[in-house]
Amino acid sequence: MAAARAWANGINARVARGEKPFEDDEGATDGIVLAQPTRPVMTCQEAWTAYLRESGEFGGNAEKTLIDKRQTWDRLFAHTIGESLLTDVTFLELADIVDPLKTKGRRTAFNNAVRYVKKFFHGGGRIGSSHWAVGFTGSTAQDRKAEHA
């Protein structure tokens, strides 16, 4: 176990220096097979489209609910995070989107936006997988935003 830790510490030190420990100058990996993503990384817009399709086909959402979700996405999220990779969106970006709703007294819109963030970015592991989304709540958005600053 100690030998494995020493080996890992060496790799971590090289990574901290900006090196790629498994590649030589020509990019060869010395026979080590580097892990590849198991599925493609989507933009938020692509993932939202898949989420809506799943909500309609398998989630039993009524057409009016799907229209509301589309309108909320278009109004609040599409222009801000739509082209971002799903894995690159941060808590602060989402807090910046939903907090003004609360400040303006648009409580229902704020609560809906928070609910969509939690469902979309955590989603029970289906589409999004950001662990912090579980704690994304209306009452603590400003506090959590300050924590992440």
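Reply: Glu63 is partly exposed in this predicted model, at a relative accessible area of 48%, where partly exposed lies between buried (under 20%) and exposed (over 50%), with a 1.4 Å probe and protein chains only. Arg70 is likewise partly exposed, its relative accessible area being 36%. The side chains of these two residues, Glu63 and Arg70, form a salt bridge at 3.9 Å, N to O; the term requires a side-chain nitrogen of Lys or Arg within 4 Å of a carboxyl oxygen of Asp or Glu. Opposite charges on side chains can pair when the charged atoms come close. The structure contains one salt bridge.

α3 spans 63-81, and with α5 (107-121) this helix gives at least two residues each to the lining of the second largest cavity (helices are DSSP runs of H or I, at least four residues, numbered from the N terminus). A cavity is a set of points on a 1 Å grid where a 1.4 Å probe fits but cannot get out, and lining residues have an atom within 4 Å of a point. Lining the second largest cavity are Trp48, Trp73, Phe77, Ile81, Tyr116, Val117, Phe120 and Phe121. α5 supplies the largest share of that lining, four residues. By class, the lining comprises eight nonpolar, no polar and no charged residues; Ala, Val, Leu, Ile, Met, Phe, Trp, Tyr, Cys and Pro count as nonpolar, Asp, Glu, Lys and Arg as charged, and the others, Gly among them, as polar.

Residues are numbered from 1 along each chain as its sequence is written, and side-chain values use heavy atoms, without hydrogens and water. Local features need pLDDT of at least 70 and side-chain atom pairs count only at pLDDT 80 or more, whereas totals for chains, interfaces and linings use all residues.

How values were computed: 1 Å grid on protein atoms, 1.4 Å probe; cavity = no way out; pocket = protein on both sides within 12 Å on 5 of 7 lines; lining within 4 Å.
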